[in-house]
Amino acid sequence: MHDSMYVKVIPEKCCGCMVCEIVCSMYHWDVVNPNRSAIRVEKKSVVEDIQHVCTHGKECNFECVDACKFEAMIKKNGMAVVDYEKCTGCKACEKACPIHAVWIFEKKAYKCDLCNGETMCVKHCSQNALEIVR
Amino acid sequence: MVVEEGCYGGKILTIDLSTKEGKRQKIGDSFALKYLGGDGFGAYFMNTVVSPKADALGDENAIILAPGLFVGTPVPTGGKTSFFAKSPLTGGWGEGVMGGRIGFALKQAGYDCLIITGKAEKPSYLHICDDEVKVKSAEHLWGKSTRETSEEIKKDEGSVIVATIGIGGENLVRYAVIDCEERQAGRGGLGAVMGSKNLKAIAIEGNKDIKVADPEKMMSLLDKWYNEMINHPSFEADGKYGTGEFLEWMNTERGTFPTRNWREGVFDERKEIDPYYWAPRYAIKNKACIQCTKPCGKAFVIKGSYEGMLDGVEYETLFALGSNCGNASIEALAKANELCDLYGIDTISAGGAIGFAMDLYENGILSKEEVGMELHFGDGDAVVSMVEKIARREGIGDILAEGVKKAAEKIGKGADKYAVHVRGMEPPAYDVRAIKGMGLAFMTSPRGACHLRSGAYALELTGKFWKYEGVDRLSAENKGKEIADMENFMAVYDALGVCKFSRSIFLLEAFGDLLEATIGKRMGEDELLIIGERICNLKHIFNIKCGWKKEDVKLPAKIREPIPEGVSKGSFISEKEEKKMLQDYFMARGWDKKGLPTKEKLKELEIEEFMQ
């Protein structure tokens, strides 16, 4: 169902509220912790905020999957997803990602899985700075 | 088990800059439920840690930082953090509330409150990374702007959130701010307190999870309130035009937009400083505080004779550096705002001081020689120059950096007649001559003339809010209880860390569910209002211990002069009205005629031990 779907970022509209990071970690992990979020906002200057999130092959060739030596990053329904049983937090995926949209925290990888199609970040972005592209 | 299972960090961190020693204390449930967080914790620790006899710019003062209870949760617009210290501007209760990420980071590091005492030997910054705390040299950062300081520390420390001062704080400008990502703890000179401690910045990296008591309930409430927010009429108004959206209405429909150092209540030259003019031209997108789903900030790119960029310009600044100085140039106004942010000084007090100096100049009390330049109302370039002089304490700027009250004492020659302040604090953009309840609120606010401790301007100007209806802004009747009620209401917001621009959406009702989801304990309106009242009384107690006297609580001389034109023409607050409102307020508070809380009241609020 997720084939070729992804979250598109529109930095020109991002207000830097971090709500996307907050809801992402809350939805997936029942806690608030931007370190566990699969979308990150970089505050570059007073007027520049840029969101980073995986685009599931749109801007890459699934380098993260190729880089993983533990079969912990697997391709499923057109997405790269983390198998947390196998992930060792070795950082190979983080280093391989050409758009910096995979992060390691406490020996586990974090990246977008589209929330089973719910895309919580898109749903809670008050500025329409995130869009679902199918 | 609210602390353990809820959204608390669980500990209070105290750092003594003199000894470089730290101390951690756990907080318990009864403490958390009695004070909630934010302003509640500040009210407690200001009364237990800071000596009221302390010189505000001496070693004995402390800087206290406390995120509101909801900070670090998904509660929309619940990301506000309060800073506290004895104020070098008023000599009493000092506080500033900001929407920067510093409090969020502190909570993620495991702390609900940070208390900084003593004085560092040399320029330093505090680096907190979860359980590790270090005092590091900031000699290479001294003299740098807020923006540069934040960037440099991030380069060295990685993913930290930085709260810092600029040269305003270093130079002990009595209204210097603390800045975190272009958001400021703005009023009362808390930045100067940091400067006096040789503390350039606080850098925090927090990596811990913030729990909530009921994640499922939290997510469903998030959906509900997210939708309420984006469908509220203020969403579009704030989003398109920011906090200055109602400037034209304040000016024309109410006649209460203070102009030229409070000579007038309407600003005829206002066209370009109205966001309906400048937002489409200069604002490239919205900017938000953390956790906000209803942003009102603007990413402003200045073009034309001045260049620069800032997060602003807010309503109060459009008044202070705009109408109050007769300045109709939005470019000069935005530049002056950007400089205030970079140097770390409060735009409201800076504009108050510049407008005051312009008034003195035009009335022959300050000469061209004394000022070093011409200083007429309406000169936008002069406003920009004066911000520079104040932040650097150069020439006349050295005197104006003291705030209008002390500046008037130094200048003499009847300058005090032109000094617009309450207890040393320059007021925000509400001409209280025709918003009489706000006149009372200026007097009763614990930090001096302030619109946010009561937020009663909205109620007064529209006539209704919460349980109030038919309020007459031009009357001095029945204002005591109204202002006391509103202060209690707002103290709850500052304890929870909720943005006051959400007050008509959440009221107090919404917090029952939100508290249940975040800390597992539902609280009703009455229960919350008692906490609000407790906080207000504790702030007042601190002021009393600092020497607060009823006789010092008075409105400035200009408030006795009728508004000369506009729809509120002829309105002013008489001495009789002023005294009556204040007595009504004392009575509504359960205080005696001198404004001192009675033993019974303090016992009722379970804070009698603070008044001995």
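Start where the two chains meet: the contact takes in 33 residues of chain A and 41 residues of chain B, contact being heavy atoms within 4.5 Å. This is a predicted model, in which local features need pLDDT of at least 70 and side-chain atom pairs count only at pLDDT 80 or more, while totals for chains, interfaces and linings use all residues. Residues are numbered from 1 along each chain as its sequence is written, chains are lettered from A and ligands numbered from 1 in the order in which they are written, and side-chain values use heavy atoms, with hydrogens and water left out.

**The interface**

Show both chains as surfaces. Between them, chain A and chain B bury about 2,700 Å². Carbon and sulfur atoms account for 60% of that area. Buried area here is the accessible area (1.4 Å probe) that two parts lose on being put together, summed over both.

Now select A:Val32, A:Val46 and A:Val47. In chain A, these three lose the most area to chain B, together 24% of what that side buries.

How many salt bridges does the rule find across the interface of chain A and chain B? There are 4. Each needs a side-chain nitrogen of Lys or Arg within 4 Å of a carboxyl oxygen of Asp or Glu. Zoom in on one of them: A:Arg36 pairs with B:Asp209, and their closest N and O atoms are 2.8 Å apart.

**A:Met18**

Next, select A:Met18. Find this residue in the loop between strand E1 (6-9) and helix H1 (19-29) of chain A. Helices (H or I, at least four residues) and strands (E, at least two) are DSSP runs, numbered from the N terminus.

Is A:Met18 buried or exposed? A:Met18 is buried, with a relative accessible area of 5%. Buried means under 20% relative accessible area, exposed over 50%, and partly exposed in between (1.4 Å probe, protein chains only).

Leave out residues up to four places away in sequence, and A:Met18 touches A:Val41, A:Lys43, B:Arg101 and B:Ile290. Then pick A:Lys107. From A:Met18 to A:Lys107 is 89 residues in sequence and 23 Å in space, C-alpha to C-alpha.

**The nonpolar cores**

Move on to the largest nonpolar core, which has 218 residues. Such a core is a set of buried Ala, Val, Leu, Ile, Met, Phe, Trp, Tyr and Cys residues joined through side-chain atoms within 4.5 Å. Select B:Phe356, B:Phe511 and B:Leu514, the residues with the most contacts inside this core. Helix H21 (residues 479-496) of chain B gives the core its largest share, 10 residues.

Stay with B:Phe356. Residues up to four places away in sequence aside, its contacts include B:Asn261, B:Leu400, B:Val404 and B:Tyr418.

**Aromatic rings**

Colour Phe, Tyr and Trp. Over all chains, the structure holds 33 aromatic pairs. Rings of Phe, Tyr and Trp (its six-membered ring) pair if their centres lie within 6.5 Å; planes under 30 degrees apart count as stacked, over 60 as edge-to-face and the rest as tilted.

Why is the pair B:Tyr585 and B:Trp591 edge-to-face? Their ring centres are 5.6 Å apart and their planes stand at 85°, so the pair is edge-to-face. B:Tyr585 is buried at 2% relative accessible area, and B:Trp591 is buried at 8%.

Select one aromatic cluster next: B:Phe70, B:Trp225, B:Phe465, B:Trp466, B:Phe489, B:Tyr493, B:Phe506 and B:Phe511. The rule asks for NZ of Lys or CZ of Arg within 6 Å of the ring centre and within 35 degrees of the ring normal. Find B:Lys107 too, which lies over the face of B:Tyr8, 5.9 Å from the ring centre.

**Backbone stops**

Go to B:Gly312 and B:Val313. A cis peptide bond joins them, with omega about 0°. B:Val313 lies in the loop between strand E16 (308-311) and helix H12 (315-322) of chain B.

Then select B:Trp262. Phi is near 65° for B:Trp262, a positive value in a residue other than glycine. The loop between helix H10 (247-253) and helix H11 (275-282) of chain B holds B:Trp262, which is buried at 2% relative accessibility.
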